[in-house]
Amino acid sequence: MLHTQLPSLIGNTKQILKFQSLFSCKQQRVPKGHIAIYVGEAEKKRYVVPLSYLSHEAFRDLLKNAEEEFEFCHPMGGLTIPCKEEDFIHLACQLDSLYQ
């Protein structure tokens, strides 16, 4: 049974590592076709995501929640999404698989 789960586990690990490098971008510049956002409830973390995410309904729901909480005053100086980081990463993984 472990043998059949191994490819799935390896694939998931590779995907997590990919997202860590893509979304935890430490650089100040945002690549063309992407947007920088801050995610978290208490402590905010910067992520860089493709603009294509903006067209997905689930991501727009996160933006609506941000609008309701922050209006147009974002404490981090950029777009801030008040959700659990784990929830955001889960959604980003789903969206990445849709847009690949």
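Where is Lys-44 found?

Tutor: Lys-44 is found in the loop between strand 1 and strand 2; helices (H or I, at least four residues) and strands (E, at least two) are DSSP runs, numbered from the N terminus. A word on the ground rules: residues are numbered from 1 along each chain as its sequence is written, and side-chain values use heavy atoms, leaving out hydrogens and water. The model is predicted, so local features need pLDDT of at least 70 and side-chain atom pairs count only at pLDDT 80 or more, while totals for chains, interfaces and linings use all residues.

The side chain reaches the backbone oxygen of Glu-41 at 2.7 Å, and one of its polar atoms lies 3.0 Å from the backbone oxygen of Gly-40. Gly-40 itself takes a positive phi near 145 degrees, in a hairpin with five residues between its two strands.

Now for the strands on either side. Strand 1 (residues 34-39) and strand 2 run antiparallel and are joined by six bridges; two strands pair if DSSP finds at least two bridges between them. Strand 1 also runs parallel to strand 3, with two bridges joining them. Tyr-38 illustrates both pairings: it stands opposite Arg-46 in strand 2 and opposite Thr-80 in strand 3.

Lys-45 is partly exposed, at 34% relative accessibility. Lys-45 forms a salt bridge with Glu-85, the closest N and O atoms being 3.5 Å apart; the term covers a side-chain nitrogen of Lys or Arg within 4 Å of a carboxyl oxygen of Asp or Glu. Because Glu-85 lies in helix 3 (residues 85-99) and Lys-45 in strand 2, the pair ties together parts that are 40 residues apart in sequence. Glu-85 is partly exposed too, with a relative accessible area of 25%. The structure holds one salt bridge.

Stepping back, the chain has three helices and three strands, and from the N terminus on they run α-β-β-α-β-α. Buried residues make up 31% of its 100 residues.

How far can you trust the picture? The mean pLDDT, the predictor's confidence in each residue from 0 to 100, is 74 for the chain, and 64% of its residues reach 70 or more. Confidence is highest in strand 2, at a mean of 90, and lowest in helix 1 (residues 2-23), at 47. Over residues 1-10 the pLDDT is below 50, and beyond near neighbours in sequence this stretch has zero contacts in the model, a contact being heavy atoms within 4.5 Å.

Terms used
Buried < 20%, exposed > 50% of the residue type's maximum accessible area, 1.4 Å probe, protein only. Polar contact = N/O pair within 3.5 Å; in protein donor to acceptor, adjacent residues only side chain to side chain.
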